[in-house]
Amino acid sequence: MTPEEQRNQHDRHLLRDAEDEDDWEWRRRIRASPRWRPLYQGAVFLFGLVMVLGGLALVPLPGPGWLIVILGIAVWASEFEPASRLLEFVKDRVRAWEQWVRGQPWWVKGLVGLVTLAFVGFALWLTMWLTGVPGLLPDRWEAWLHANAGL
């Protein structure tokens, strides 16, 4: 078995059938039960759906929106083959982006960082414009934001 096949097999360890020796015992018992397996898969689907939808709602806000979406897809991938393929696709794209950025000159890396910083800053500004400046900020910061950032 090639290293790539071993890695792919390892990445899909949650998709094994009920008789797989390397899976968790409690999951093998659930998957082997015609009564509990549909309930378990339904629970996995609903939990993943809540994570994906919650993450998508958080995407425009500062924070780990996309990370939560990817974790929701990983939950789905534990039981559903299409989600596993989607997760592999996402991981491949992230790895390709990382490799592309690593191979760029310092000024491109800096530009990517500045664009990311501008996007996060805009998301913060938009959040405060829609919901107001948080009261937990020091009064001087709040006054500066009201005076200079149009909030």
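**View 1. The whole chain and its surface.** The accessible surface of the chain comes to about 10900 Å², and 69% of this belongs to carbon and sulfur atoms (Shrake-Rupley method, 1.4 Å probe; for residues, only the protein chains shown count as cover). Please keep in mind that this is a predicted model, where local features need pLDDT of at least 70, side-chain atom pairs count only at pLDDT 80 or more, and totals for chains, interfaces and linings use all residues. Residues are numbered from 1 along each chain as its sequence is written, and side-chain values use heavy atoms, with hydrogens and water left out.

**View 2. The helices of the chain.** You will find 7 helices and 0 strands here (DSSP runs numbered from the N terminus: helices are H or I with at least four residues, strands E with at least two). Of the 151 residues, 23% count as buried (under 20% relative accessible area; exposed is over 50%, partly exposed in between; 1.4 Å probe, protein chains only).

**View 3. Helix α4, residues 65-77.** The end C-alpha atoms of α4 are 18 Å apart, which agrees with the 18 Å that its 13 residues should span at 1.5 Å a residue (1.5 Å times one less than the number of residues). Buried residues in α4 include Val 69, Ile 73 and Trp 76. Among the elements covering the buried residues of α4 are α3 (37-58) and α5 (81-102).

View 4. Trp 106 sits in helix α6 (residues 106-131) and counts as exposed because its relative accessibility is 72%.

Technical notes
Contact = heavy atoms within 4.5 Å.
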